Amino acid sequence: MKKPAIIILLGLASIITAYLITDIRYAFKLFTVSSAGNEPTLKTGSILIGTNLKKPKKLDFVFYLQKLEGYPEGIWFQRLCGIENDTIQIIDGILFVNGENVDRNLVLNHQYKMDKRTADILLKDGEITEKDILEIQSDTTYLNLSDNLAKQFPDKIKRTTRTSNNIDILFNFWKTMD
């Protein structure tokens, strides 16, 4: 056997041995995006590679095992908004970390509402899709849209934000949205 082939085989054998006897098998893991919660950045159905070899920094996506009661258990991923000792605030739907607007440079989706009749017309015309619709009430449709798409309908749409305390935040963290 030639020397390069032996080096390749030894390297491959070393990697396989390390994989079998250490936790290196957890160094890289494939995930499938199963919901629209992080769109438009992460599209539903996308395949992602996660790793524990790099320390995450703010605004990176982090993967974790979710075990909170009342939610599906499994691997979840979220954008890391803050670290220990940071002050996190959401004001009118905008994320502030230590008083700084961190949403400013991100392309995000937000919740919008419009009258049901207009939403039906836009859906029929292909301006919005079924996946954009969050909820339909008797005369109002709630949509999950990028701000860029929402700007196309300035007279027909209004951004909405939660104005009451989220019961899950109160229950799990004993914090209000003050």
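Author: Two strands pair if DSSP finds at least two bridges between them. Strands are DSSP runs of E with at least two residues, helices are runs of H or I with at least four, and both are numbered from the N terminus. This is a predicted model, in which local features need pLDDT of at least 70, side-chain atom pairs count only at pLDDT 80 or more, and totals for chains, interfaces and linings use all residues. Residues are numbered from 1 along each chain as its sequence is written, and side-chain values use heavy atoms, with hydrogens and water left out.

Reader: How do you know that β5 pairs with β6?

Author: The rule asks for at least two bridges. β5 and β6 (residues 94-97) are joined by 4 bridges and run antiparallel. Within this pairing, Ile 91 stands opposite Ile 94.

Reader: What makes β5 and β7 edge strands?

Author: The open sheet has 3 strands in the order β5-β6-β7, with antiparallel pairing. β5 (88-91) and β7 (100-101) each pair on one side only, and that makes them the edge strands.

Reader: Which strands pair with β8?

Author: β8 pairs with β10 in the antiparallel sense over 7 bridges. Gln 111 has Asn 144 in β10 as its bridge partner. β8 also pairs with β11 (residues 158-159), again antiparallel, over 2 bridges. There, Tyr 112 has Arg 159 as its bridge partner.

Reader: Why is Phe 63 called partly exposed?

Author: Buried means under 20% relative accessible area, exposed means over 50%, and partly exposed is in between (1.4 Å probe, protein chains only). Phe 63, in strand β3 (residues 61-66), has 28% relative accessibility, so Phe 63 counts as partly exposed.

Reader: What does Phe 63 touch?

Author: Contact means heavy atoms within 4.5 Å. Leaving out residues up to four places away in sequence, Phe 63 touches Phe 31, Leu 48, Gly 50, Ile 75, Trp 76 and Phe 77.

Reader: Why is the pair of Phe 31 and Phe 63 called stacked?

Author: Rings of Phe, Tyr and Trp (its six-membered ring) pair if their centres lie within 6.5 Å; planes under 30 degrees apart count as stacked, over 60 as edge-to-face and the rest as tilted. By this rule there are 2 aromatic pairs. Phe 31 and Phe 63 are 4.1 Å apart centre to centre, with 25° between the planes, and the pair is stacked. The pair links distant parts of the chain, with Phe 31 in strand β1 (residues 28-32) and Phe 63 in strand β3, 32 residues apart. Phe 31 is buried, at a relative accessible area of 11%.

Reader: What makes the pair of Phe 63 and Phe 77 tilted?

Author: The ring centres of Phe 63 and Phe 77 are 5.4 Å apart and the planes are at 45°, so the pair is tilted. Phe 63 is in β3 and Phe 77 is in β4 (residues 74-79), so this pair ties together parts 14 residues apart in sequence. Phe 77 has 11% relative accessibility and therefore counts as buried. Ring pairs link Phe 31, Phe 63 and Phe 77 into a cluster.

Reader: What makes a set of residues a nonpolar core?

Author: A nonpolar core is a set of buried Ala, Val, Leu, Ile, Met, Phe, Trp, Tyr and Cys residues joined through side-chain atoms within 4.5 Å. The largest has 12 residues, including Tyr 112, Met 114, Leu 143 and Phe 153. The elements that give two or more residues to this core are β8 (109-115), α2 (116-124), β10 (140-146) and α3 (147-150).

Reader: Is Ser 146 buried or exposed?

Author: Ser 146 has a relative accessible area of 16%, so Ser 146 is buried. Ser 146 is in strand β10. Apart from residues up to four places away in sequence, Ser 146 touches Leu 108, Asn 109 and Tyr 112.
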